[in-house]
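Hello,

Here is the structure we discussed.

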Amino acid sequence: GWLERFAPEEIARHPRLALTAATSDVAAGDRDRLEHWAAAAARSLAAAEAPEPDGPEAAVADVLGLLAARDGLARMRADAAAAAARLPGETAWLAVCRLLEGTALYLTGDREAARGPLEDGARHGAVAAPLVQVLCLAQLGVLALEEDDPETAEVCISRARRQVERTGLGDCPLAALQPSRSTRSPRSN
């Protein structure tokens with residue numbers, strides 16, 4: 001809500017404001033606005049005389065731009081890996097990179113290779129990015145079900161549900177993976 005105090009031109013001139021606006025639009029599920037603010041942040045960072053023109057803030061702008069996946073899954077995977085290499089070790093954005101890598105691998109059919117990045121994303125997201133952890137765990141649950149491993153699937157989905165409840169993410173559009181309480185677990189079938 002505090003971003004509304006700034007004019008769009010002001011947000012576009014300041015990379016951190018633009019990154020904040022883009023992040024807010026990710027949570028709201030607004031892809032067009034996400035792309036707008038990610039591009040504004042990238043332009044602002046490129047124009048600034050920052051000590052690290054290819055540093056962490058630029059990597060975050062790149063990651064936010066990747067979330068729209070307009071250039072295809074192979075590109076998203078490669079760019080997410082490249083952005084991850086530019087990020088400090090314990091940032092929430094590393095979890096996002098791993099989620100993008102794992103998802104791209106999964107969707108292109110390399111399910112076994114997807115597991116590592118998704119597990120890494122879940123680990124890195126546990127504290128710094130709980131929503132990302134939830135998404136990684138949900139994807140790992142799907143992988144387990146596809147491998148006919150309902151016990152592992154149940155563990156992953158249970159962990160994701162507990163994180164949604166613990167952090168109050170139930171109203172977040174991206175946490176729509178949260179099933180209703182009346183949904184039965186795989187063991188109850």
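This is a predicted model: local features need pLDDT of at least 70, side-chain atom pairs count only at pLDDT 80 or more; totals for chains, interfaces and linings use all residues.

Helix 7 covers residues 111-128 and spans 26 Å from its first C-alpha to its last, close to the 26 Å expected for its 18 residues. Its buried residues include Ala114, Leu118, Asp120, Ala122 and His124. The buried residues of this helix pack against helix 6 (92-107) and helix 8 (130-146).

There are eight salt bridges in the structure. One of them links Arg98 to Asp120, with the closest N and O atoms 2.8 Å apart. Because Arg98 belongs to helix 6 and Asp120 to helix 7, this pair ties together parts 22 residues apart in sequence. Asp120 is buried, at 16% relative accessible area. Arg98 also forms a salt bridge with Glu101, at 2.5 Å from N to O; these two residues are three apart in helix 6, about one turn. Glu101 is buried at 10% relative accessibility, while Arg98 is partly exposed at 22%. Through shared partners, salt bridges join Arg98, Glu101, Asp120 and Arg123 into one network.

Another salt bridge pairs Asp79 with Arg75, the closest N and O atoms being 2.8 Å apart. These residues are four apart in helix 5 (residues 73-85), so about one helical turn separates them. Both count as partly exposed, Asp79 at 25% relative accessibility and Arg75 at 45%.

Lastly, Asp148 has a positive phi of about 55° although it is not a glycine. Most residues other than glycine have a negative phi. Asp148 sits in the loop between helix 8 and helix 9 (150-167) and is exposed, at 68% relative accessibility.

Regards

How values were computed. Residues are numbered from 1 along each chain as its sequence is written. Side-chain values use heavy atoms; hydrogens and water are left out. The expected span of a helix is 1.5 Å times one less than its number of residues. Buried means under 20% relative accessible area, exposed over 50%, partly exposed in between (1.4 Å probe, protein chains only). Contact means heavy atoms within 4.5 Å. A salt bridge is a side-chain nitrogen of Lys or Arg within 4 Å of a carboxyl oxygen of Asp or Glu.
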